[in-house]
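User: I have a chain open here and want to go through some local features. Can we take it piece by piece?

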Amino acid sequence: MAKIQAIRGMNDVLPQDSVVWQYLEAQVKDVLDAYGYSEIRMPVVEYTHLFKRSIGEVTDIVEKEMYTFEDRNNESLTLRPEGTASCVRAAEEHGLLFNQTQRLWYQGPMFRYEKPQKGRYRQFHQIGVEAFGMSGAELDAELILLTARLWKSLGLLEQVTLELNSLGSSEARAQYRQVLVDYLVQFEAQLDEDSKRRLASNPLRILDSKDPNTQEILRQAPMLEDYLDEESKEHFAELCHILDTNGIHYVLNSKLVRGLDYYNRTVFEWTTSSLGAQGTVCAGGRYDGLVAQLGGKSTPGAGFAMGVERLVLMLETLQLVPESARQRLDVYLAAEHKGLQAAVISLAEQLRAAIPGLRLRSHCAGLKNINAKAQQAGATLALIVKHNGEALCGTLWQDGSPQEVNAESFVAAIVAALNKQV
């Protein structure tokens, strides 16, 4: 009988890899805590029309990439392809938005039916941040400063580039959309196939095209910044001023539009050349009309999402994961001879109770290659115990060096050894 394997593009995260995920997630949480963001958890399945109304019915995500199905009540449901719409739905449903300010974050799997490749999967994981009730450029700056602080804590700041643009108000964007279409229809036959399709549905995405012929045509296209409204220009200038004041380097990219319909004014991406074609590790922007678009009262909002798989890949490729983060155990506890199973298990419980946070695994299946097994388990120390007639005693191994320890000194010896590691 053939073995059942994981679905293509949906990957297991094995124990040796999950420690890197946990390291990344812990760093992100520390930074978000420092900025006063609160975690929110949403379901992975939502009504399909949530994403059609928020992302846009004629976007690639909705047209080609969503996992959509009917449940037993014949209701159309979708595995969430991104987190912003779900977060807005949840915050509005529970009364967290109107006349309030909120700073929220979430993490979890997202689903898109794409061609799997390195750094791009059908089930992928995002950490998302959304903030509501604040319309000023200072919030946009906070989101960018927050991510810059995270890159610094991870050792990635020199590996990423901030690209920045303003889409203007919804009205200005609509005006530019029409001007761009009027220009591009003259060259429709020369556009790549994706751009031909987007010309009627989502023409701003053509600015993202990597096709050389299309890029050549775009050289003479109308520029988005020439159609920005005055308020959006002032908003963007204030954002750039705050970033300059705080020493954040950025590249202005007038072709950066993001792929989702709900963005207005500020959009940004953190990109890297360390991952080949999949160069965007974090992206977001402002979406002041989204809450009202989903049925709530008008509430400004802004946020971003970062790709966990891509950041994990960067950390591993650049060897930026501290060895301490890979250390899964403090103590590997084993018996020197048979008949000590009950004593070893009891000692393990006593040590866990006496040393808060101690990570200990007990081993009762034989002494052969015990130090090697301790190393494979990622333990800092190996404690091998025996019975001296009346009580337990043992040998505490650290970096290949033994230390004889009596039962009364187990706790002190372990604490001293672990502190020495620090």
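User: Is V44 buried, partly exposed or exposed, and what is its relative accessible area?
Analyst: V44 is partly exposed, because its relative accessible area is 32%. Keep in mind that this is a predicted model.

User: Where does V44 lie?
Analyst: V44 is in the loop that links β1 (38-39) to β2 (45-47).

User: Which residues make the nonpolar surface patch?
Analyst: V44, V45 and F69 make that patch, and its area is about 200 Å².

User: Zooming out. How many helices and strands does the chain have?
Analyst: There are 15 helices and 16 strands in the chain.

User: And what does the C-alpha trace span along its principal axes?
Analyst: The C-alpha trace spans about 95 × 60 × 45 Å.

User: What share of the residues is buried?
Analyst: Of the 422 residues in the chain, 50% are buried. As for the surface, the chain exposes about 21200 Å², and carbon and sulfur atoms supply 48% of that area.

User: What about contacts between residues at least 6 apart in sequence, how many join residues at least 24 apart?
Analyst: The share is 70% of those contacts.

User: How far apart are the mean positions of the positive and negative charges?
Analyst: They are 7 Å apart, for 43 positive and 54 negative charges.

User: Now salt bridges. How many does the structure hold?
Analyst: The structure holds 16 salt bridges. As background, side chains of opposite charge can pair when their charged atoms come close.

User: Start with R89. Which residue does R89 form a salt bridge with?
Analyst: R89 pairs with E93, and the closest N and O atoms are 2.9 Å apart.

User: Why are R89 and E93 separated by about one helical turn?
Analyst: Because they are four residues apart in helix α4 (residues 84-93). E93 counts as exposed, since its relative accessibility is 54%.

User: What about D194, which side chain does it meet in a salt bridge?
Analyst: The side chain of D194 meets that of R197, at 3.4 Å from N to O. D194 and R197 are three residues apart in helix α7 (residues 193-201), so about one helical turn separates them. D194 is partly exposed at 36% relative accessible area, and R197 is partly exposed at 30%.

User: And where do E230 and K233 lie?
Analyst: Both are in helix α9 (residues 230-245), three residues apart, which is about one turn of the helix. Salt bridges with shared partners also join E46, R89 and E93 into one network. Back to E230 and K233: their side chains meet in a salt bridge at 3.6 Å, N to O.

User: Different topic. Where is Y35 found?
Analyst: Y35 sits in the loop between α1 (15-34) and β1. At 23% relative accessibility, Y35 counts as partly exposed.

User: What does Y35 touch, apart from residues up to four places away in sequence?
Analyst: Y35 touches R103, E142, L145, L146 and R149.

User: How far apart are Y35 and S76 in space?
Analyst: Their C-alpha atoms are 38 Å apart, and the two residues are 41 apart in sequence.

User: Is E114 buried or exposed?
Analyst: E114 is buried, because its relative accessible area is 15%, and the cut-off for buried is under 20%. E114 lies in the loop between β5 (102-111) and β6 (123-132).

User: Which residues is E114 in contact with, leaving aside neighbours within four places in sequence?
Analyst: The contacts of E114 are E65, R120, Y121 and R122.

User: Last item, backbone. What is phi of R265?
Analyst: Phi of R265 is near 50 degrees, a positive value in a residue other than glycine. R265 is in strand β9 (residues 264-271) and counts as buried at 14% relative accessibility.

User: And phi of Q319?
Analyst: Phi of Q319 is near 55 degrees, again a positive value in a residue other than glycine. Q319 is in the loop between α11 (308-317) and α12 (323-326). With a relative accessible area of 70%, Q319 is exposed.

Technical notes: Residues are numbered from 1 along each chain as its sequence is written. This is a predicted model: local features need pLDDT of at least 70, side-chain atom pairs count only at pLDDT 80 or more; totals for chains, interfaces and linings use all residues. Side-chain values use heavy atoms; hydrogens and water are left out. Patches are made of residues with over 30% relative accessible area and no salt bridge: like charges are joined within 9 Å, nonpolar side chains (Val, Leu, Ile, Met, Phe, Trp, Tyr) within 5 Å. Accessible areas come from the Shrake-Rupley method with a 1.4 Å probe; for residues, only the protein chains shown count as cover. A salt bridge is a side-chain nitrogen of Lys or Arg within 4 Å of a carboxyl oxygen of Asp or Glu. Helices (H or I, at least four residues) and strands (E, at least two) are DSSP runs, numbered from the N terminus. Buried means under 20% relative accessible area, exposed over 50%, partly exposed in between (1.4 Å probe, protein chains only). Contact means heavy atoms within 4.5 Å. Lys and Arg count as positive and Asp and Glu as negative; His and the chain ends are not counted. The place of a charge is taken as NZ of Lys, CZ of Arg, CG of Asp or CD of Glu.
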